Structures are given as structure tokens and as C-alpha cells.
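Subject: Structure handover

Hello,

Here is the structure for your files. My notes on it follow below.

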Amino acid sequence: MQKDRDSCGEGTATRAKLRVSTVEGNNARLLVVGTVWSNDSDSWDWKLKHNGDVSDEGRARGSEDADLSFRISRTMFNGYGVDDVVFRAENIRTGEVCRTFVDY
């Protein structure tokens, strides 16, 4: 498993984490989990890229039940060689950007 963290905007409490590992029992698939912790319930546009191509994207909002965080979990094909995975989230209201990446 490999991880990357980003403190996001300077002077804010927002932080992000990306975790990449293989799916248990299936080395041909990667389990990718991107998480953003925020101090508000703003909406965020997020994007997952795999080897330069957009793998998935969407919009999420932090939840009071999850300490104002949101988590995106997806599986991806584990290609030959190094896989480059990027998780990017942008706060729609403030423009704050979180960007994490892992070479797996």
C-alpha cells in the first residue's frame, strides 16, 4: 500500500489523502481511496486519473456524520509497470484545491 497526503489550501484545516493498494486476492486490480477532510460542508468537484487518463469524476459534499469529510473508493486495472494515480478535489465555493498522487 502507498499513500500521499496534501494539506490543501494554505491557512485552512482542509487536508486530503490518497491510498492505493491491490485488491485482496486480485493483483490485477487496484483499490484507490481518496479522502478529503474539510471544516465546512461545501461541495467539491473531484477527479481520479490513472496513467494520465480520467478514470472517474463527480461531485461530493462533506457529511456531518463523517466529520465533514467525503471518501471516494474505486477499483482500477493494475497495468504492467508503474501505475500513476492522481486524486484532485476542488471546493466549488472557495476554489481551494487538494491534489494527491501515488506512483504504484
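The link of cysteine 8 and cysteine 98 is right-handed, with 120° about the S-S bond. This is a predicted model: local features need pLDDT of at least 70, side-chain atom pairs count only at pLDDT 80 or more, and totals for chains, interfaces and linings use all residues. Residues are numbered from 1 along each chain as its sequence is written, and side-chain values use heavy atoms, with hydrogens and water left out.

The structure holds 1 disulfide (a pair of cysteine sulfur atoms within 2.5 Å). Its S to S distance is 2.0 Å. Cysteine 8 lies in the loop between β1 (2-6) and β2, cysteine 98 in strand β8, 90 residues apart. Strands here are DSSP runs (E, at least two residues), numbered from the N terminus. Cysteine 8 has a relative accessible area of 14%, so it is buried. Buried means under 20% relative accessible area, exposed over 50%, partly exposed in between (1.4 Å probe, protein chains only). Cysteine 98 is also buried, at 1%.

Next, the core. The largest nonpolar core has 19 residues. The term covers buried Ala, Val, Leu, Ile, Met, Phe, Trp, Tyr and Cys residues joined through side-chain atoms within 4.5 Å. Val32, Val36, Trp46, Phe70 and Phe87 touch the most other members. Two or more residues each come from β2 (15-23), β3 (26-37), β4 (43-50), β6 (69-77), β7 (84-91) and β8 (97-103).

There is 1 aromatic pair. Tryptophan 44 and phenylalanine 70 form it, 6.3 Å centre to centre, with 45° between the planes, which counts as tilted. The cut-offs: ring centres of Phe, Tyr and Trp (its six-membered ring) within 6.5 Å; planes under 30 degrees apart are stacked, over 60 edge-to-face, the rest tilted. Tryptophan 44 is in strand β4 and phenylalanine 70 in strand β6, so the pair ties together parts 26 residues apart in sequence. Both residues are buried.

Then arginine 74, in strand β6. Its relative accessible area is 31%, so arginine 74 is partly exposed. Leaving out residues up to four places away in sequence, arginine 74 touches Leu30, Leu31, Val32, Trp46, Leu48 and Asp56 (contact: heavy atoms within 4.5 Å). The side chains of arginine 74 and aspartate 56 make a polar contact at 2.4 Å. That term means a pair of N or O atoms within 3.5 Å; within protein, one must be able to donate a hydrogen and the other to accept it, and residues adjacent in sequence count only if both atoms are side-chain atoms.

Best wishes

Definitions and conventions
Helix = DSSP H or I, 4+ residues; strand = E, 2+ residues; numbered from the N terminus.
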